[in-house]
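Trainee: I have this model open and would like a close look at one part of it. Could you pick a strand, walk me through its surroundings, and then show me a few backbone details elsewhere?

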Amino acid sequence: HQEYLSYRHLRTSVNCYLQENGLLFQHDLPRAFRIIDLVIIAMNDMQQQQMAYHFAPLRQGLTLADHEKLPFVLLSYKSRGQIRTSGSIGFSTWPIEPAATIESLFQDKRKYAPSEAFEGDRFVINFAVASLPFTGIIESRRHNCIAKRFFRQFPNDNQFKDPNNDDEHLYDSDSSGGEDEMANFMAEEEEEQSISDMLAPPPSQIQVRNSPQGPSRREESFLATSSFLPPPIWESTWNPPTPTSEVYNLVNLPEQVFAAANKGNNTVIKFEINSTTAAGMADMIDIWLTRAIENNDFTDILSPERDYQIVSRRNDLISFGDGIQRECWFNLFERYRQDPNDEWIQYRCDARASIKTVYSISTCRFIPESRITGLKKLGAICAILLILGQCPAPFDPCVFQYAVHADLEAIHPGLLFEWHPNLRAKIIQWKELGPGGDISSFDQYMQEVVGFGAPSFAHRTEAAHKAFAPAMLYHTVFGSEPPYHPEWKAFFAGFSLPCRNGFNFLSVLKSFAGGSDHFFSISWTSQIQGYDSLSPFLDIDRPIPAVAAELDPALARVQRGSAKDLIVAFLQGSGIPYPKLFDELKPSFSSLIDLSQTHTPAFRSRMFAWAATGSPFIDPGAETITVKIVNEAERNYAGCPAATKALMAQGVISFKTCSRVVQLPGPHIVRLAEQQFQPQHGAEFIDFVQAFDHWLLCQILAAIGVHTMI
């Protein structure tokens, strides 16, 4: 029988192996942080990364205290961490006490904090899995041979083969394909038990940054209030990582991503989505998302073979292509944004948002699995919107910049100036004041961020003063819960879009030409703020002579210039032209449309882009939206001359999202211009412009979420 041992000579390689396999994590935590909460974080870390570890179930019928339900035991150093004559350092197992904190372990130099427990400025806390089975996903299959795989790589703490060690053959073979069968499961469980008894490294290490000097009483209060304390920021220039793969660009980003996600796969699954409605297609995508999250593999969703189709009940093709694809994913996103229970998105600084963390870090063990899955889906949807050239507004780009680099320094002053200039100025002002400066002007802000005012923080050390700057940034952008909170980790996990060949979306953003911050800057320009945002991507054609011959005289009679002038004036306007008639038509509009925004200057332009392209954003790399005024001779308006004539008589506008072409029926505009308007009380329309704007607004809104043969 051998004990748990610390790897010393191969520590770097062992640490790399543990990190790659989701068994070693680094966190910046206050010393007052409870070990119980640290274990919960470790559990969530291990369950939500690529290997999706599962722990042994508890025996039924037992009434246990919360800390007795944890799947880990603490490892303490034997003999104060002294190196034995054999060159090894041993561990003992200890139960986790409910009151234990990082500070109490840090102060126990005999058992938990000898010199061996420090790696650089990190305090290493070691845990072992308390009971088997302990399983993880490897190569798309769940395995229970985690220990065997480790010992095959590191049978002992040196790099040389021991000719006298007959035990190394135990690790020569991998687990068989029959692990799902109960007999093999039980046999391998017994084998793993004997191996882990002989020699086992810490299955999970949590490295905590060590502060050389203990915090003052006031600093302890600040740390406890903050829960998460990032290291000081903006001490030096942030340098983004050098791309390690191909450089990605905006021109053909979807094609690059889909190819990379399926690189090396012998078989590429075709991602087919078809339904009679866009909402039905979104439901189908949601099923695929559930499957991808269960398998921790988005390969099939990112397939280069993609087919989105709206079909009739007789399975006749109605609409297909990139516009339908964009609309489906945006519809899914809107379900979260407009959730009636308002449980997913939290607005914060400058009308930008983060996820809403419903559970505190102390109650996160009770988070329902459905919420974790929902947040993973939301993260994945945001990533795919970005791949397709859409902006997941109102999310803050700073949230995604942190998701990519897992470093608050990545939100550098230049990036923050673009999205939160006032916050940047406030942080710089704080840093310049120093520990002895007058911070009374920050009183209200401190009350909001950490719950106490400036007078309570008047006497502070330089370290405490530096600590508040990153806290200001984090709390303002992300809220009070730390990034290792399970809800945040679930969102980030979905956003990464892991695939079975090792690809993930974060590698794309790190390798984007100009950097991830440049990518987000470009992506958020797709958000339409008003007509000026839409105008560069809009091409309103001059009507052909046959159409102009009827249209121009009709518009001249009402003194309204050209058709282009009418359309531009409409898009620049706001509000509801004729509320009474509009209210009667409201039930026919898609529930995804937020009609409370009709008064805003961006509403009409956003809705027009949505009807024309499938989403209310502008893709900077896509073709322009073309607007045409046509007559009954236009062949591309509808399926046949009879349908064209009937639809134009009703004033129906043709929106073709795939080709980004909008066709307005010229004959209907002429009829509107020829009407006699009575500007008196009780009249339906006061003038031609009001009638035109009402017609155009209702046609745009009616086209969103609805697909026909035109």
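Mentor: Happy to! A word on naming before we start: helices (H or I, at least four residues) and strands (E, at least two) are DSSP runs, numbered from the N terminus. Please keep in mind that this is a predicted model. In those terms, the protein has 26 helices and 18 strands, and 55% of its 710 residues count as buried.

Let's settle on strand E3, residues 72-77. Here 5 of the 6 residues are buried, so the strand is mostly covered, given that buried means under 20% relative accessible area. E3 has two strand partners to look at. With strand E6 (residues 122-129) it runs antiparallel, joined by 3 bridges; within that pairing, Leu-74 has Phe-127 as its bridge partner.

Now follow the chain out of E6. The loop between E6 and strand E7 (136-138) holds Pro-133, and the peptide bond from Leu-132 to this proline is cis, with omega near 10°. You can find another cis bond between Ala-393 and Pro-394, where omega is about 15°. Pro-394 sits in the loop between helix H10 (369-387) and helix H11 (397-405).

Asn-296, in the loop between helix H8 (278-295) and strand E11 (306-311), has a positive phi near 55° without being a glycine. Its relative accessibility is 14%, so Asn-296 counts as buried. Arg-660 belongs to the loop between strand E17 (654-656) and strand E18 (661-665), and it too is a non-glycine with a positive phi, about 60°. At 6% relative accessibility, Arg-660 counts as buried.

To finish, compare the strand we began with to a helix. In H9 (residues 322-337), 13 of the 16 residues are buried, so the rest of the structure largely encloses it. At 1.5 Å a residue, H9 should span 22 Å, and its end C-alpha atoms lie 23 Å apart, which agrees.

How values were computed:
Residues numbered from 1 in each chain as written. Predicted model: local features only at pLDDT ≥ 70, side-chain atom pairs only at ≥ 80, totals over all residues. Heavy atoms only, no water. Buried < 20%, exposed > 50% of the residue type's maximum accessible area, 1.4 Å probe, protein only. Pairing = 2+ DSSP bridges. Expected span 1.5 Å × (residues − 1).
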